[in-house]
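Open the model in your viewer and keep the selection tool ready. We will go from one stop to the next.

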Amino acid sequence: MGIGNRIPEEVLSQPNRYEPKVEKPKKEQPSVNFVPEEPKYELGDIILPQGVRDDILDVADYARNSKIVFEQWGLGKTHKYSKRMGINLYGPPGTGKTMAAHAIAKYLGRKILAVSYADIESKYVGETPKNIRKAFEVAKETGSILFFDEADAILSRRVTNMSNATDVSVNQTRSVLLMILNDHEDFIIFATNFIENFDPAFMRRIAKHIKFSLPDEECRRTLWKMYIPEEMPNNIDIDSLARKYEGLSGSDISTAVLMAAFKAVRSGASCVDQSYVEDATAGILASKEDNEARKGVTTRRVVSEEYAKSQMQRES
Ligand SMILES: Nc1ncnc2c1ncn2[C@@H]1O[C@H](COP(=O)(O)OP(=O)(O)OP(=O)(O)O)[C@@H](O)[C@H]1O
Ligand SMILES: [Mg+2]
């Protein structure tokens, strides 16, 4: 500042007036864009024990016939609450839950709106419940089946001794979802790996829980056959693979074949040898065991750090 540019006395006595103005960053608006999609799978694509397949068909038929029963035949008035039809697909990763959600939507001739907790979680106060509402709105407007993946992230048991802001916000998000669910009259699908911690209030709103287990030997045999294309030159003994390797999911089997094929090409082999598949399978099983062992010492993160912080700032 030049000498001729003296600051007037009255201004100096109010020092704050000369503080540089800092532009506050504009609050970023959440931009969750829910887009329904055509279902990618049909029931015939999924290898499942007959009991599970029957359960899926039961609920899918219930949903398919709901229009006639509740709307045309008027049972919507006499059986108001039976209209709600939520199902929960639960079980270990890679066992076909997401495939089944798509297959059900396809069976019903509807699009699917898949929403995972990562999609709706917002670090901004109050935005997560808003995103949930929006997902329900978009599903209604577009006539698509809502599919909530990773449902355990929101629907685990209520935290009763709320020790921090994260607990409070998770409880709020859960309450909002339960409230919306009460008014939602369409079929809705949830999927989770963890059913143990589900909130009883949520369990009551779900008409059917369908368990997806790791495939038994017979299903594994079908899966191996399914994921080894006829064109792929190989000397693989499917029976022995199905018998020998337990604890594999459908996803693991598909991955093992892929890894073995790439290994064969990279090694310049003219066919995919049994040993390549066995090596890949053993590797996958070892890393699964490793993950299991680590589970005991890590705690699952339910909401992000940023989200927790924003909630704490709001409270302070
Ligand atoms: N039962 C099955 N039949 C046929 N293929 C399967 C089956 N289970 C898994 N797969 C294969 O694994 C892939 C992943 O399956 P999917 O996404 O349905 O598993 P998920 O149970 O939803 O797993 P997560 O719990 O991790 O979400 C599928 O795209 C398919 O290639
Ligand atoms: Mg899934």
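**Stop 1: a pair on one helix**

Select E71 and K67. Their side chains form a salt bridge, 3.4 Å from N to O. (A salt bridge here is a side-chain nitrogen of Lys or Arg within 4 Å of a carboxyl oxygen of Asp or Glu.) Both residues sit in helix α2, four residues apart, so about one helical turn separates them. Helices (H or I, at least four residues) and strands (E, at least two) are DSSP runs, numbered from the N terminus. E71 is exposed, at 57% relative accessibility. K67 is exposed too, with 52%. Exposed means over 50% relative accessible area, buried under 20%, and partly exposed in between (1.4 Å probe, protein chains only).

Before moving on, know your model. It is predicted: local features need pLDDT of at least 70 and side-chain atom pairs pLDDT 80 or more, while totals for chains, interfaces and linings use all residues. Residues are numbered from 1 along each chain as its sequence is written, chains are lettered from A and ligands numbered from 1 in the order in which they are written, and side-chain values use heavy atoms, leaving out hydrogens and water.

**Stop 2: a link across the chain**

How many salt bridges does the whole structure hold? A search finds ten. Select K208 and D55 for one with a 3.7 Å N to O distance. This pair links distant parts of the chain: K208 lies in strand β5 (residues 208-211) and D55 in helix α2 (residues 50-72), 153 residues apart. K208 is partly exposed at 28%. D55 is partly exposed at 25%.

**Stop 3**

Now select D239 and R221. Their salt bridge spans 2.6 Å, N to O. D239 is in helix α11 (residues 238-244) and R221 in helix α10 (residues 217-227), 18 residues apart. D239 is partly exposed, at 37%; R221 is partly exposed, at 22%.

**Stop 4: the cores**

Select F136, L146, F148, L155 and F190. These have the most contacts inside the largest nonpolar core, which has 30 residues. (A nonpolar core is a set of buried Ala, Val, Leu, Ile, Met, Phe, Trp, Tyr and Cys residues joined through side-chain atoms within 4.5 Å.) Elements giving it two or more residues include α6 (127-142), β3 (145-149) and α8 (165-183).

Which residues does L155 touch, leaving aside neighbours within four places in sequence? Among them are R174, L177, F190 and F202. Contact means heavy atoms within 4.5 Å.

Finally, select I87, M99, A101 and F212. They belong to another core, of 26 residues, lying apart from the largest one.
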